[in-house]
Amino acid sequence: MSEFVRIELLPLGKVLRVKRGTPLQDVLFAHGVEFPCGGRGRCKGCTIKVLAGSLPITEEDTQKLSAAELAEGWRLACRAQAEGDLKIELAQWEAAILTDDSVFVFTPRAGLGIAIDLGTTTIVAQLIDLQTGHVLAVRAALNAQAKYGADIMSRVEVAVARKGQQTLQNLVRKQIGRLTQELVTAGSVAGREIESVVLVGNTVMHHLFCGINLEPLSHYPFEAVSPGLQVFEAAELGWGLPGNPAVRFLPCLGSFVGSDILAGLLATKLHERERLAALIDLGTNGEIVVGNRERMLCASTAAGPAFEGARISMGMRAATGAISEVRVRESALECRVLGNVAPRGICGSGLVDAVAAGLELGWISSKGRLANGAPLALATPVSLNQWDVREVQLAKGAIAAGLRILLEQWGATKDDVAQVFLAGAFGNYINYSSARRIGLLDFPAEKVRPAGNTALLGAKLALFSLPEHNGAYPQVLGKVRHVSLNEDARFQETFVEEMVFPEVEPYGAAVDKAGD
């Protein structure tokens, strides 16, 4: 018997040769298969279809997949091993990764720089000419750590409970090293030295990259050990960059408020504004900053990954086959699917729309109960169950409560906020009317502004404003105070209040009255 087996991937047309017994999770992530629960068989995010060969049905398969799906050859990739030759059908992912091409003001400097946004899901890197500010090359990729879980707490669990921190550190350092090498090649800058590299990311990404113990972030009071600026030499990281530049991972603002938010403040210039403004990142943590040029308060809330499609029964990222929009049309639901293909799941923006539409039609109550307890059918085979709606309530309740608490501590109300900046991809695609309908963002649409990839823009700005160049970011740090929401006596009460959806007259009732 051969030591190796052959795996054919369709529709990619690729053939892999791997050792017999290799877990499919180890080889399929690089080819677009996601593992939202970190390969623990708790979701359906990694389903594949066996076209030829055999994968035994596991206990987790029977729990997550229907008898019809099993009969058709569907399996959870995370629970399978390649024991023989296989032909597998994969769904092709088309991730919408936000880069940044913003025009910004800067003081020219000699040399080249690299700005990197190290996200939980994606990594984006740009090569910058520091004399002109021009972007010479861009590289983006899914974070290779994602095969160990879609959200940051899954990574914390792997690092601490499963003693995998070194593995996660090595994985991301090598991946970013490859991306930087690709930038140098693509930018055609042979013979020129890289002057500086700046990374930003959330606190967990900061600690995993820098080799800082994550154990304190795994339990109460969730305090980071060393959230400050970390500096390395490129060679120390195993990166063969010309000039062996300093690699700086910018400091975090608090326990779960990372340097990606510091970069966001630089990008939106919130620290220079006269009127009160807010910066909100609707990711797993729900980082929030409120303030102006006088002072700023920041906090993170355990919003969970619902808005990123994780922990939702048919949730997925914004990619081909995802329901991205849901609208009410003549007392029925109309869905838009990315890629104009048959639906196979729902992403964050579609999830917010779907719940808002369910509320409008009276199919979801203000307390989040589904009418008659029946799933909310969207577009076959995609539907939302009661747990999905609860996940939305938990996520939106955490964000809304965190914002309320910060405004109260500031001595202001939401009416005093002149501008709300939404950071990241989700903020770029969410429908503000739907977000307001479910109580996530209770602001007029004209006050809400998608800010794009503020983390990457802020990292680029930091290349021109490092401390030795009288840069801006140390000044920003001096204006920000971190607020631990779990220490606020009113947070839990506020959180429970904000979990309730706003009550308005259902769509049908309004139509009936209009016809009277």
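This is a predicted model: local features need pLDDT of at least 70, side-chain atom pairs count only at pLDDT 80 or more; totals for chains, interfaces and linings use all residues.

User: Which residues point which way from E15?
Analyst: Glu287, Val289 and Gly291 point one way. Ile288 and Val290 point the other way. All are buried.

User: What does E15 pair with, and in which sense?
Analyst: Strand E14, residues 277-281, pairs with E15 in the antiparallel sense over 5 bridges. Strand E16, residues 296-299, also pairs with E15 in the antiparallel sense, over 4 bridges.

User: Which residue in E15 is the bridge partner of Ala278?
Analyst: Val290. Towards E16, Val289 has Cys298 as its bridge partner.

User: What joins E15 to E16?
Analyst: A hairpin, through 4 residues.

User: Switching to helix H5. What should its 22 residues span, and how far apart are its end C-alpha atoms?
Analyst: H5 covers residues 165-186. At 1.5 Å a residue, it should span 32 Å. The end C-alpha atoms are 32 Å apart, which agrees.

User: Which residues of H5 are buried?
Analyst: Gln165, Leu168, Gln169, Val172, Arg173, Gln175, Ile176, Gly177, Leu179, Thr180, Leu183 and Val184.

User: Why do residues three or four places apart point the same way in an α-helix?
Analyst: An α-helix has 3.6 residues a turn, so residues at that spacing point the same way.

User: And what is the phi of Ser188, which follows H5?
Analyst: Positive, near 50 degrees.

Conventions
Residues are numbered from 1 along each chain as its sequence is written. Side-chain values use heavy atoms; hydrogens and water are left out. Helices (H or I, at least four residues) and strands (E, at least two) are DSSP runs, numbered from the N terminus. The expected span of a helix is 1.5 Å times one less than its number of residues. Buried means under 20% relative accessible area, exposed over 50%, partly exposed in between (1.4 Å probe, protein chains only). Two strands pair if DSSP finds at least two bridges between them.
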